[in-house]
Each structure stands twice: as structure tokens, then as C-alpha cells.
4 protein chains.
Amino acid sequence: METNRLEAFSDGVLAIIITIMVLELKVPHSTELAAIKPLLPILLSYVLSFIYIGIYWNNHHHLLKTVKNTNGAMMWANHHLLFWLSLLPFATAWMGENHFAAMPSAVYGGVLFMSAIAYYILQSLIIVEEGGNQSKLSRAIGTDWKGKLSPVLYVVGIGASFFRPWLAGCIYAFVAMTWMIPDVRIEKVVDESKPAARRAKPSRE
Amino acid sequence: METNRLEAFSDGVLAIIITIMVLELKVPHSTELAAIKPLLPILLSYVLSFIYIGIYWNNHHHLLKTVKNTNGAMMWANHHLLFWLSLLPFATAWMGENHFAAMPSAVYGGVLFMSAIAYYILQSLIIVEEGGNQSKLSRAIGTDWKGKLSPVLYVVGIGASFFRPWLAGCIYAFVAMTWMIPDVRIEKVVDESKPAARRAKPSRE
Amino acid sequence: METNRLEAFSDGVLAIIITIMVLELKVPHSTELAAIKPLLPILLSYVLSFIYIGIYWNNHHHLLKTVKNTNGAMMWANHHLLFWLSLLPFATAWMGENHFAAMPSAVYGGVLFMSAIAYYILQSLIIVEEGGNQSKLSRAIGTDWKGKLSPVLYVVGIGASFFRPWLAGCIYAFVAMTWMIPDVRIEKVVDESKPAARRAKPSRE
Amino acid sequence: METNRLEAFSDGVLAIIITIMVLELKVPHSTELAAIKPLLPILLSYVLSFIYIGIYWNNHHHLLKTVKNTNGAMMWANHHLLFWLSLLPFATAWMGENHFAAMPSAVYGGVLFMSAIAYYILQSLIIVEEGGNQSKLSRAIGTDWKGKLSPVLYVVGIGASFFRPWLAGCIYAFVAMTWMIPDVRIEKVVDESKPAARRAKPSRE
């Protein structure tokens, strides 16, 4: 209940971010198939960013399921995360329109890096609020190797942008792939406490 | 409860998709009625796409009513559907601005085709999760002739685009019409289990 | 519960409609106060349309409070209403940028007229579904003089556009003012059935 | 429950306002780092406005938690607040693109001033509806020094715009900082009445 509006607001912002990125696919004047060809790198960068927003939505979804009460710090940590994600459409368009050139690819990696840091801050604040190391969330994420490895790989990607831009793109895509496997860890621990409630329900009907 | 955020996020994305399409109706500089005339094919393609998003919203609404628990696969199948639908504004604008020319009409049909496939995948995943052939949803959709016929007709429409573009438009409009009849099948089966609860309610007041 | 998603989707579409209208306020290049002057008619038409969307949101809010179950016809009647309202940003921009010229003012009135008809259809469908003349909603709206007078005044406004465009604007503003008095009729009847429930609640705690 | 839709609609509008501001960050054609430099004042004004919308969302969130029943006046006071906030993207872009020039900075302050007044009206209406000086909200905000000081500082900022525009920016940033400390006053009083309910809950499980 407490997190309802935080979720609704985040859903709204993420839904708009994901959708305004498609506005960069400018409608060509020609009706030939060839007219679509220059749009392909833009489409490719759109797909990558769509997947990233999807990943953030999924993880945010799991994360907030573990929260019982919100507080001011949590709300600002959430706004902070949304701020960096809101810069993704800009970075996506710059990178896509310039065929994954060096500087735009590095800036794209920078936005991913800052978003990952912002997510980490939000997650840490929730762990503290919900009971520290003994909290469900803390046990759920365990060593959190994905959360720790991702920023490192983004930095590697940023560095790669200046030598082999296509390699940077590959690294960003690779990190996305590791995250597309949904955060089953949280899913599992959250569900642990539910079966009892579920078994109890039918008896009330 | 479990599906609340998946619905909210999908509602957000669909609401934005439906609304950004109207931005293609560029405000004319002249104030004559004639200034609106070149907008008519754009308006026509907008109406068609508005109806399609309406259909997807309705069916998505019925579909998620049958879901009790979400999982990672379901969330990605949902994102996948939203991805293809998010390309509809682009395809709509390209087709509308070019008076239903061959290639844009074919691309429009392609987006409809991929959206239908994505919907089918989501529906199949939900059936598996909710109990296979014995699930309410499975019984509700029965032979699912509309779900199976639509992709076939989209392919016919794509083919027709290159010979008689106006025919492609008619085929897409025809498919839409068959779907505007809401998915009463699911509605019926879902309602089956409710009357008891409804009768019980007044007694509690 | 049943109407949750219909409300959420409508809220989303209305929120976007109200917000994209502001995009017509193009940022001037000059930094002089005079640079804002040509924006004034656009701002004025924005204020009028903002109020109209506000009115529709309020009335839609009251309307759906009386609904217990949605059905296919209701969903399409709702989409139909959203369709006409989605054309308001276009009509608003055309009218505002042309200083309330004849044809744009008439088209603006036409969109208001069709929205009013669409709202009337939705309201009628809900009355039928919820029990006809004996339904709470039916008693609430009574003779519905505002709902019946408004379309008539819109037609008068459309006619006036071609002789005295400023008069058309005044008529649209006048109708808006009659509606800004919220639909207390529904509010009252809906509340009638609540006190009992409210009194009952504390006893359960 | 009663305020659900008012919150959902406000969340939608605020989410869109926050996101369309980022559209002003126009994608540069060059791929040099220097191409981003002219975007810095736009980014800076975006950060400031992002924080302001975040502040309004947080305070709105706390405010509506204290509301049990909505009425027409409250809904219009809420629309009125959303109207002024919807002008923030325009003011932000004008100020950012002109490197915090005099007139745009003054207009930006004017939008902040009117938003503060609109918020004050909404808050006052809620206090009256929820029981006047004895209401939870009234006790929560106490002397409301921040709510009273902010409009004064905005006026000072507007005046400063014409002599030292950078000073105006500093004043707006300073007010934002005083508000980033979340409205713990309301948080506290609202929570006062909850512990009992919370203790009661487990006993029902």
C-alpha cells in the first residue's frame, strides 16, 4: 500500500522513457525499403535501450515488493534513479544517429553506469530500512555479483568506446543479457513467506 | 495484486502509444478547410491504429484477469509485445503520410504480424503457468480461431500491399473488425467463478 | 475493482492529452517579454482545453464510481470518448496559432461536440448496465440538462465561428464554466449508500 | 481509496512533465564532446526543474495521505496546481536555452511562485475539509514556514533576475534545497495513528 504511488510514478516515468525513444525513428519521406536502411542503427540502439528499461522495470518491481514503508531518503533515491534513466533517450539517440561513434558510445555507457550506481544506492537504502543483513532483500540478493560486475563492465565499455566502439556496444549488450535472466533470487525469497497466506485464503471463501 | 504493476506499466505504454500517434497530425498553417484535406489519410491510419491499440488493451485486460502470479518469462513476453506495439506509431505515420503506398503498408502489416505473434507467446506462457489445457484461460479461448487466423490475414495483407495497397488496408481493417467484438469467451469463463462471491458480498454489508 | 484498469488507462490518456498540448507553446528564441506576446492566444486556447480535459476527468471519475462491472460495449464507448478527446490537442493548436480564426474555431467546436456525444453514449450504456431508470446514476443525473444543452451550444458555437469567431470562443468558455461546477448530483447519490458502510467499518477494527 | 484516481492522474501528469523536459536536450549532430557543451545550461535547468517536480510529487504524496474524501473544490485546486506545473517545461527550456537570461529567469520564478500559491490553496482546502485547525494535516504542517517563505523568496528571485540573473538561479536552487528535506512533519503525524492498526493486523492473520 505504502509503495503504491512510488510504483505508479516510477511506472509512468519508465513507460514514457521507453516510448519517447521510438520518436527518434523519424518517418522517412521516401516509400522505398532503402529509406528504412539508415534507420537500422537507430532501431538497434532503441532495442538495446528498450531492453535496459525493461530490466530496470523488472528489478524495480522485485525490489519494491520487499518494501513495507517508504521514507524521504528512499523517495529521493528513487527520483535519482529515474533522473539518470531519463537521460537514456538522449544518449540512445546520439549513439544511434552516429552509428555507435566513440564519444556517444562512451556517454551512453556513462548513463548506464550512473543508473547502476543510483539503483545500488536505492537498494542499499531499502536494505537498511527493512532490517539490514537479516532482511529478506539482503538474503535475496546474496553476493549481488551482477549488481557489482555491471558498473565495472560499463567502465570497460566506456574505455573500449575510444578504441573499438563496436566492442563497447557488445559489452553493453552482454551486460543486458546477464540481467534478462530475471532476478529469481528476490522472487524466490519473497515467495517463501507467501505459501502460508495462500493456503489460508481458500478457507476464507 | 501480483499483476497490478504489470498492468499499470502496460497501461502507461499503451496510453502513450495511442497518444503520440496523434502528434503526426501536424497543425496546418492555413486556416482553410482545404488545409485539412491532406491530413485525411493520416487521420484514417490513426483511426485504424487507435482501434488496434484499443483491441490489444481490451484483450490484454481480459488476459491478465486470468493470471494469479507473474514470473520473469511472462514479464519479458509482455515487454516483447509492448516493443512491437511501440513501433506502430512509426508504421502508422509512414503509411498515412504516403497515402497507403506499397512498402509502408507492408511494413505496417509486418508490425501487426509481429504483435500478434508476441501476443500469442504471452498467452501461451500464461496458459502453461496457470495450469495448461485445464486452465480457465485455455477453456476460454477454445480453438482461438481469431488468434490463429489474424496472422495469416496479415501475411495476405503484406502480400497484397505490393499489388493492391488499398486491399491491404481493407484486410487490416477487416481483421480489426473481427476483434472489436470483445473477447466474450474469456469474459464468460472468468465470470463463471464470480457469482458466488457476488452473492456473498451483500450479506456482509 | 473491475473498473480499475479502465480508469488507469483513461487517466493515462487524459494525462498525456493535457500535457502534450503544452508542447505547442514553442520556446521563443528572443529573451524579450515581447517574444511571449505572440504566444498569448496559444496560451489562452491551452487554458480552455486544459479546463475541458479537467471537466471530462472529473465527470468520468464520478461516472465510473457508479459502475460495478465493465463489459465490451462499455470499453469501446470509453475508447470512443478518448478518441475524440485525443483530437483536442490538434484542434487547440490550430485554433490558438490562428488567433481563433473561423474554420479552426469551428473544428474545435466539432471536436467538443463529438466528445459530448461520446460521453453521452458511455453514460447511457452504463445506465442500462447498472439497472436503467432505477439505477443510482440515472437518478443522480436527473434531467441531465447540462449534458443535453452542451451539444446544442457547441452547434451554436460552430455556426457563430463563421460570423463572429470571438463569439464562438465565448460560447465554448461559457459551457466550460457551467461544467466547472462539479457534478454534485452524482456525488450526492453515490454518497447516499456509503454512510452505512462507513459506520460499519470502525466496528471491524 | 477515494483519492486513488486523483493520485493516479496527478502521477501521470507529473511523470509526463518530468519526462518531456528532457526532450529539450536536442541530440547534437557532431560526435565531439564539445557538441555537448552548449547543452550544459539546458541540462542544469533540467536538473533544477526535475528536483522541483520531485519535491512537488513528494509533498503531494504526503498531502493526499491525509485526505479521506475528495470533493469538487479539491479536484479543481489539484488541476490548478497541475496547470502551473505544466508550464514548467516551457519556462525551463526558455531559461536553459538562453543561459539564465533576465526575462526567462523571471518567468521561471513566476511559474514557481504560482505553483506555490496553487499548492497552498490545495493544502488549505484539504485542511478545511479534514477538520480545520484540529486536523492531522494542520497540526502536521504547524507554522508552515517553508510554505510561507518560498513564495517570498521566489518574488525576491524574480526581482533579482533583472539585476543579477545568476543570483535568481541561486535563490531558486536554495529554495529547492530547503524542500528536499522531505516533509517529515506530515510523515510523523500521519504515522502517529498507524502503530495501533499495525499492531492489530498480525492478530488477524
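Through which surfaces, the same or different, do the copies meet at the interface of chain A and chain B? In this predicted model, only 2% of the interface residues of chain A are also interface residues in chain B, so the copies meet through different surfaces. The legends below take up the interfaces and then individual residues.

**Figure 1. The contact between chain A and chain B takes 41 residues from chain A and 30 residues from chain B.** About 3000 Å² is buried between the two chains, and carbon and sulfur atoms give 72% of this area. Three residues, A:Val27, A:Thr31 and A:Trp57, supply 20% of the area that chain A buries against chain B, more than any other three residues. Across this interface the rule finds seven residue pairs in polar contact, with both residues at pLDDT 80 or more. The elements of chain A that give two or more residues to the side touching chain B are α1 (4–20) and α2 (40–65). Of the elements, α2(A) gives the most to this side, with 14 residues. By class, the side of chain A that touches chain B has 23 nonpolar, ten polar and eight charged residues.

**Figure 2. One salt bridge is found across the interface of chain A and chain B.** A:Asp11 pairs with B:Arg5 in a salt bridge, and their closest N and O atoms are 2.7 Å apart. B:Arg5 is also among the residues that A:His60 touches.

**Figure 3. A rotation of 90° superposes chain A on chain B.** The shift along the axis of this rotation is 0.0 Å, and the RMSD of the superposition is 0.0 Å. That is the relation of a four-fold axis. Among the residues of chain A, A:Gly12 comes closest to the rotation axis, its C-alpha lying at 4.2 Å.

**Figure 4. The contact between chain D and chain C takes 30 residues from chain D and 41 residues from chain C.** The area buried between these chains is about 3000 Å², with 71% given by carbon and sulfur atoms. One salt bridge is found by the rule across this interface. The salt bridge joins the side chains of C:Asp11 and D:Arg5, with an N to O distance of 2.7 Å. Seven residue pairs, both residues at pLDDT 80 or more, are found in polar contact across the interface of chain D and chain C. On the side of chain D that touches chain C, two or more residues come from each of α1 (4–20), α3 (72–86), α4 (88–97) and α5 (102–129) of chain D. The largest share of this side, nine residues, comes from α1(D). The residues on this side of chain D divide into 19 nonpolar, eight polar and three charged.

**Figure 5. A:His60 is found in helix α2 of chain A.** Is A:His60 buried or exposed? A:His60 has a relative accessible area of 3% and is therefore buried, the limit for a buried residue being under 20%. The side chain of A:His60 makes a polar contact of 2.7 Å with the side chain of A:Asn78. Not counting residues up to four places away in sequence, A:His60 touches A:Ser10, A:Asn78, A:Leu81, A:Tyr119, A:Leu122 and B:Arg5.

**Figure 6. D:Thr19 lies in helix α1 of chain D.** With a relative accessible area of 1%, D:Thr19 is buried. A polar atom of the D:Thr19 side chain lies 2.4 Å from the backbone oxygen of D:Ala15. Which residues are in contact with D:Thr19, leaving aside its neighbours within four places in sequence? They are A:Val13, A:Ile16, A:Ile17 and A:Ile20.

**Figure 7. A:Phe100 has a positive phi of about 55° although it is not a glycine.** Most residues other than glycine have a negative phi. A:Phe100 is placed in the loop between α4 (88–97) and α5 (102–129) of chain A. The relative accessible area of A:Phe100 is 17%, and this residue is buried.

**Figure 8. D:His99 has a positive phi of about 50°, although D:His99 is not a glycine.** Where is the place of D:His99? This residue is in the loop between α4 and α5 of chain D. D:His99 counts as exposed because its relative accessibility is 55%, the limit for an exposed residue being over 50%.

Definitions and conventions: Residues numbered from 1 in each chain as written. Chains lettered and ligands numbered in written order. Predicted model: local features only at pLDDT ≥ 70, side-chain atom pairs only at ≥ 80, totals over all residues. Heavy atoms only, no water. Contact = heavy atoms within 4.5 Å. Buried area = accessible area lost by both parts, 1.4 Å probe. Salt bridge = Lys/Arg side-chain N within 4 Å of Asp/Glu carboxyl O. Polar contact = N/O pair within 3.5 Å; in protein donor to acceptor, adjacent residues only side chain to side chain. Helix = DSSP H or I, 4+ residues; strand = E, 2+ residues; numbered from the N terminus. Nonpolar A, V, L, I, M, F, W, Y, C, P; charged D, E, K, R; others polar. Least-squares fit on C-alpha atoms with pLDDT ≥ 70 in both. Buried < 20%, exposed > 50% of the residue type's maximum accessible area, 1.4 Å probe, protein only.
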